[in-house]
Amino acid sequence: MRISRRALAAAAVLATVLPLSACSSDSDSGSSDASGKVEGKITFQTWNLQANFKDYFNGVIADFRKKYPGTEVKWVDRPADGYPDKISADAAGGTLPDVVNVSPDLVAPLAKAGLALDLDKAAADYRKEYLPGAWQSHQVPGLQGTYAFPWYLNTGPLFYNKRLFKDAGLDADKPPRTYDEVFAAGMRMARQSNGRIATFANVPTIEDFGRYGVELMNKTGDGFAFNDAKGVELLTRYKQLYDAKALDPQALTATPESAGHKFLTESVALNPGSALDLANFKKQAPTLYRNIGITDQISSTGKANMYVMGVMVNAKSKQKPAAVAFAHFVTDATRQMEFAKKVAIFPSTAGSLDDAYFTKEDGTDETRVRIAAAKSLKTAVNYTPVLFSDQMKTALRNEVAKALQGKESPKEALDNAVKACDRLLKQS
């Protein structure tokens with residue numbers, strides 16, 4: 001599959017939190033000791049990667065077996081549709097593979113059920129090989145430990161339409177860099193265009209609250225906290241955009257794809273994206289491409305948002321030394337760099353983003369985006385809490401819509417969203 005910032009976001013949307021009752025009633029996660037001879041047969045499961053990367057993974061497996069004679073790796077690949085359900089069924093049936101491709105929200109219930117190996121105990125020596133933010137992305141509030149090796153990352157810049165900025169009397173060479181500047185530019189564009197041009201085509205999500213500096217969960221990790229004063233402030237500002245028609249009227253039901261189409265047709269001035277989007281702009285909207293501006297993600301924390309995939313080791317694996325060794329092998333610096341040069345993703349290994357591939361300009365916009373994204377990933381974090389399920393995303397979205405429509409105040413909407421999410425958290 002084509003892995004992009006948007007694809008990783010879609011993957012996160014697909015990943016529903018598994019009910020603990022569907023996993024395992026056995027609270028014994030087995031020994032965390034992964035020492036011993038690396039040998040035996042293990043099963044490695046990926047998420048919709050075989051169609052386009054068969055030769056790559058077969059090569060990785062062959063190299064692993066060469067390094068560790070006496071090992072055998074069975075590779076299975078599952079389609080994107082139904083992947084969370086497949087993991088849930090395997091967990092319930094005791095057939096979870098030894099090494100599993102996961103996203104943070106998929107690993108959380110498995111860790112709670114004692115099915116994900118704690119790498120802080122079993123593979124602590126490897127931690128220094130990865131970016132701190134990437135390693136932390138598979139930590140679960142309420143549990144001590146890290147439950148998957150970080151694998152490929154993605155992030156992207158903020159694209160803006162220079163022509164729309166100029167039409168509104170704004171300096172197209174000085175894009176907004178703070179939230180104050182974003183909201184001010186949005187209000188101006190709406191006024192100048194009589195409401196025809198919107199700033200964004202989507203409503204704020206949990207990651208937007210995170211980038212704004214909102215405390216998303218309480219310190220103990222057993223409840224949500226995005227209804228604080230800062231959270232209310234952000235939603236209030238979006239309400240002002242909505243009332244001024246500076247937020248697209250279809251934003252309440254927008255998807256990443258529909259928001260992207262709005263930007264493509266030049267009815268929206270700003271949209272997040274990735275290097276892959278540039279080729280699409282060039283092909284489908286040459287006028288937009290000629291006027292495309294590229295700037296950093298807006299963040300009050302100084303840190304961009306990252307999307308991350310991981311590789312988990314089954315805590316019940318009968319070949320734990322081989323499973324840990326293979327999970328590390330797949331995600332080490334050598335393999336990650338090779339993978340990053342085959343598709344527009346980024347390695348999570350420390351130092352890899354300093355490679356010339358991610359730092360040397362060649363005059364193309366694609367490389368410019370890649371370099372900017374790589375730089376931001378060094379300190380980026382995954383703002384979406386690992387315990388934030390699809391149902392919670394829907395609850396937040398519904399309450400945000402009520403606030404924007406004036407059915408509830410921003411404070412009431414976020415209070416209700418937190419209550420709903422806390423209730424869902426207790427049921428998980």
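Helices (H or I, at least four residues) and strands (E, at least two) are DSSP runs, numbered from the N terminus.

Ground rules first. This is a predicted model, so I noted that local features need pLDDT of at least 70, side-chain atom pairs count only at pLDDT 80 or more, and totals for chains, interfaces and linings use all residues. Residues are numbered from 1 along each chain as its sequence is written, and side-chain values use heavy atoms, with hydrogens and water left out.

I looked up the second largest pocket and got a volume of about 800 Å³. Of its 32 lining residues, Gln136, Val381, Asn382, Tyr383 and Pro385 sit closest to the centre. A pocket here is an open set of points on a 1 Å grid over the protein atoms alone, where a 1.4 Å probe fits, with protein on both sides within 12 Å along at least five of seven lines; lining residues have an atom within 4 Å of a point. Grid points are joined across faces, edges and corners, and the volume is the space filled by probe spheres set on the points.

Which helix gives the most to this lining? I found helix α6 (residues 132-136), with three residues. By class, I get 14 nonpolar, 13 polar and five charged residues in the lining. For the classes, Ala, Val, Leu, Ile, Met, Phe, Trp, Tyr, Cys and Pro count as nonpolar, Asp, Glu, Lys and Arg as charged, and the others, Gly among them, as polar.

**α17 and α18**

Next I checked helix α17 (residues 390-404) against helix α18 (residues 410-427): they pack at about 165 degrees, axes 8 Å apart. Axes are lines fitted to C-alpha atoms, for helices over the stretch in contact, and angles run from 0 to 180 degrees between N-to-C directions.

**α10 and α18**

Helix α10 (residues 229-243) also packs on α18, at about 125 degrees with axes 9 Å apart. That makes α10 oblique to α18. From α10 I noted Gly231, Val232, Leu235 and Thr236, and from α18 Pro410, Lys411, Ala413 and Leu414. The classes are five nonpolar, two polar and one charged.

**α2 and α15**

Last, helix α2 (residues 50-67) packs with helix α15 (residues 333-340) at about 165 degrees, axes 11 Å apart. That makes α2 roughly antiparallel to α15.

Note on methods
Angles under 35 degrees count as roughly parallel, over 145 as roughly antiparallel, 65 to 115 as roughly perpendicular and the rest as oblique. Contact means heavy atoms within 4.5 Å.
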